[in-house]
Amino acid sequence: MVQILCVAEKPSIAKAVANHLAGQVTTTSARGIAWIKNYEFNFNFNAWGHSSVCFTSVAGHVYEKDFESRFRDWQGCSPQALFDAPIVTTVANNDKKAIVRNIEEKARSASILYIWTDCDREGEHIGTEIREIAMKTNRRIQVVRARFSNIERAHIINAAHHPFALDERQAAAVQARMELDLRLGAAFTRLQTLNLKPIIKHLLTEEKSVISYGSCQFPALGFVVDRYFRVKNFIPEPFWGLRLSHTKDDIKVKFNWSRNHLFDRMVTTILFERCLTARTATVTSVQTKATSKWKPLPLTTVELQKMGSKYLRMDSHRVMTIAEQLYTKGWISYPRTETDQFDPAMDLRTLVTRQTQDPNWGLFAQNLINGGFNQPRSGRNNDKAHPPIHPVNYVVGTSLTEEERRVYEFVVRRFLACCSEDAKGSQTTIHLLFGSEIFSATGLIVLARNYLVVYPYDRWESSQVLPPFIHGETLVPTELRMEEGQTTPPGFLTEPELISLMDANGIGTDATMAEHIAKIKKRNYVMTQPRGRNGGGGRGGTGNADAPAREGQGGTGVQEFIPTTLGVALIEGYDKLEFEKSLSKPFLRKEFELQMRAICEGRSTKNDVVHQELEQYQEVFVKTSQQMGVLKAVRLFPFTTFRSCIRNSAMDSCVSDHLIEYRYRTREC
DNA sequence: GCAAGGTC
């Protein structure tokens with residue numbers, strides 16, 4: 001019988017796939033590491049016939065890269081030496097060593113290595129690591145990989161019968177990423193820390209803290225600082241608008257002006273007077289049409305994190321920690337996914353059925369099973385590695401911690417909403433012609449709440465009922481006023497907004513975005529506060545004069561990010577150095593993303609990309625070292641955070657002025 | 001003492 005060694009990226013996949021393939025499984029723990037299991041069974045592969053299989057796993061990357069020991073000592077070399085210091089590959093810890101030993105042993109007797117890592121770039125690279133380990137004890141082992149995007153039985157069995165080759169290019173792209181992140185992260189972190197720490201000790205929270213640079217944490221910080229200055233430098237602009245209301249059948253109907261508002265008082269006044277002169281208005285249209293509010297898309301990691309900070313009173317990092325616990329315990333599916341479409345072959349009804357026993361949403365689930373089920377909408381993303389986040393098994397809320405319960409409830413409700421029907425309503429729009437101006441009023445009647453019943457995170461309410469109007473009817477409006485308002489500044493960046501920005505700019509992956517955010521907090525680059533404190537924002541955009549401030553629906557306390565003195569100084573400092581591409585902006589990372597894609601598509605090679613990128617960054621590094629004085633302007637800041645600067649605008653401008661001035665002359669604040 | 005990426 002052919003001996004086949006299968007290796008997955010994570011223990012849960014090994015378990016799930018083995019169970020699909022096997023009739024009977026023998027499970028043992030790998031030597032020296034209890035949580036890595038070896039599943040042994042027989043399977044009849046198309047390619048190799050009846051085979052004896054050992055299915056095991058790694059747990060993410062096995063190897064880590066670091067500099068040769070003499071370059072690990074901060075005093076032992078200049079930070080710039082890290083641009084070409086030799087890099088060694090090591091197995092990080094004892095657990096990983098046990099994982100390596102396990103694969104070495106199992107590979108010895110196998111003739112085929114079948115790799116079951118995730119089908120993404122990192123997964124491809126982990127595949128090459130596994131190959132390397134196996135070939136240490138068995139040079140002639142034949143290596144293939146499985147291509148799969150979910151762990152449905154039929155899909156997995158099909159993948160088992162159709163092996164592919166590892167994608168060397170994707171693995172090479174990851175190698176490039178690793179080398180660049182290591183060299184640049186270490187070099188700039190040491191440069192900043194060694195030069196700046198002595199003069200800004202008072203701004204650091206801990207003695208041993210560092211002033212780190214990372215290709216993800218800096219752009220993330222950049223977004224926070226950028227928004228901070230947009231709020232701070234905002235200049236309100238006055239505008240004028242017309243507000244019309246008419247009372248009919250004892251119902252006061254407010255009409256909106258089709259021009260919304262104008263920034264010219266004179267013009268608004270003229271239009272206002274034209275309306276007054278006209279005296280009567282004519283109903284030009286009354287339209288009633290069916291409308292609907294779409295049910296949400298299947299749940300991705302990014303969306304889970306955003307919703308977590310909006311509705312679950314947890315920051316993104318906390319949400320992920322909790323989601324991982326729920327995943328490990330087997331209640332929800334893998335929580336790190338970019339996919340917002342369910343595979344049509346997936347059996348969703350069974351998953352819905354498992355929720356029918358819940359006292360809160362069980363009835364809703366039962367109704368779906370009794371005929372209300374609708375296939376979920378499909379979004380645009382598919383990472384080909386994982387399905388959208390969904391509940392796998394039912395667990396009663398009382399056996400979870402309070403935080404676990406909230407996240408589980410959200411995942412379940414979201415899933416049930418996806419399998420439900422859009423909410424249906426009827427919307428009536430009335431247009432009035434008054435003088436030369438058009439006004440409109442709309443009324444909404446929600447007819448069927450459908451998915452909203454199980455998904456309280458969305459709001460869609462019937463508006464006030466409109467009195468009947470008839471096309472062509474004339475009327476003398478009860479009231480017409482000209483009102484003045486002004487534009488309002490955006491709010492400080494909230495966590496959902498920050499996550500959206502990182503997502504849109506390719507900063508970090510779904511699995512790491514929350515970590516980068518946590519890191520810039522830990523480094524004391526940013527701090528958070530509940531929205532609404534300290535003025536200056538929270539209204540968003542150029543609102544209407546009397547538009548109510550839309551505080552985070554129901555006051556769930558979304559957090560907003562404010563940069564600290566240190567955070568502002570770093571970003572401002574680099575901006576003042578006037579590189580073509582500032583380290584704080586996402587361009588460099590985005591460009592690097594394109595380079596990685598070029599490697600994957602064979603248009604470029606790992607070595608070319610690494611050399612080219614290192615050269616570019618080294619230029620920035622040298623200029624930064626030469627002009628360290630600009631960054632050292634941090635010294636001019638008083639011992640304070642920028643939050644107090646908001647209250648004291650005089651000091652605030654003093655700080656900014658000095659940063660600009662510092663390049664030309666030295667002055668005390 | 002540095003990064004970002006996997007995962008437990």
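Mentor: Let us start with a glycine: Gly602 is found in the loop between helix H17 (587-600) and helix H18 (606-626), where helices (H or I, at least four residues) and strands (E, at least two) are DSSP runs, numbered from the N terminus. This is a predicted model, in which local features need pLDDT of at least 70 and side-chain atom pairs count only at pLDDT 80 or more, while totals for chains, interfaces and linings use all residues. Residues are numbered from 1 along each chain as its sequence is written, chains are lettered from A and ligands numbered from 1 in the order in which they are written, and side-chain values use heavy atoms, with hydrogens and water left out.

Trainee: Why does Gly602 count as partly exposed?

Mentor: Buried means under 20% relative accessible area, exposed means over 50%, and partly exposed is in between (1.4 Å probe, protein chains only). Gly602 has 40% relative accessibility, so this residue counts as partly exposed.

Trainee: What makes Arg318 and Glu403 a salt bridge?

Mentor: A salt bridge is a side-chain nitrogen of Lys or Arg within 4 Å of a carboxyl oxygen of Asp or Glu. For Arg318 and Glu403 the closest N and O atoms are 2.7 Å apart, and the pair forms a salt bridge. Arg318 lies in helix H9 (residues 316-328) and Glu403 in helix H12 (residues 402-418), so the pair ties together parts that are 85 residues apart in sequence. Arg318, at 35% relative accessible area, is partly exposed, and Glu403, at 23%, is partly exposed as well. The structure holds 29 salt bridges.

Trainee: Which residues are linked in a network of salt bridges?

Mentor: The network links Glu402, Arg405, Arg406, Glu409 and Arg413. Within it, the side chains of Arg406 and Glu402 meet at 3.4 Å, N to O, and those of Glu409 and Arg405 at 2.8 Å, N to O.

Trainee: Why are Arg406 and Glu402 separated by about one helical turn?

Mentor: Arg406 and Glu402 are four residues apart in helix H12, and therefore about one helical turn separates them. An α-helix has 3.6 residues a turn, so residues three or four places apart point the same way. Glu409 and Arg405 also lie in helix H12, four residues apart.

Trainee: How do you know whether Arg406 is buried or exposed?

Mentor: Arg406 has a relative accessible area of 13%, so this arginine is buried. Glu409 is buried too, at 18%, whereas Glu402, at 43%, counts as partly exposed, and so does Arg405, at 28%.

Trainee: How many residues surround DNA strand B?

Mentor: There are 42 residues around DNA strand B, the closest being Ala59, Lys96, Tyr334, Thr512 and His516, and a residue is near a strand if one of its heavy atoms lies within 4 Å of it. Sugar and phosphate account for 59% of the atoms of DNA strand B that come within 4 Å of the protein.
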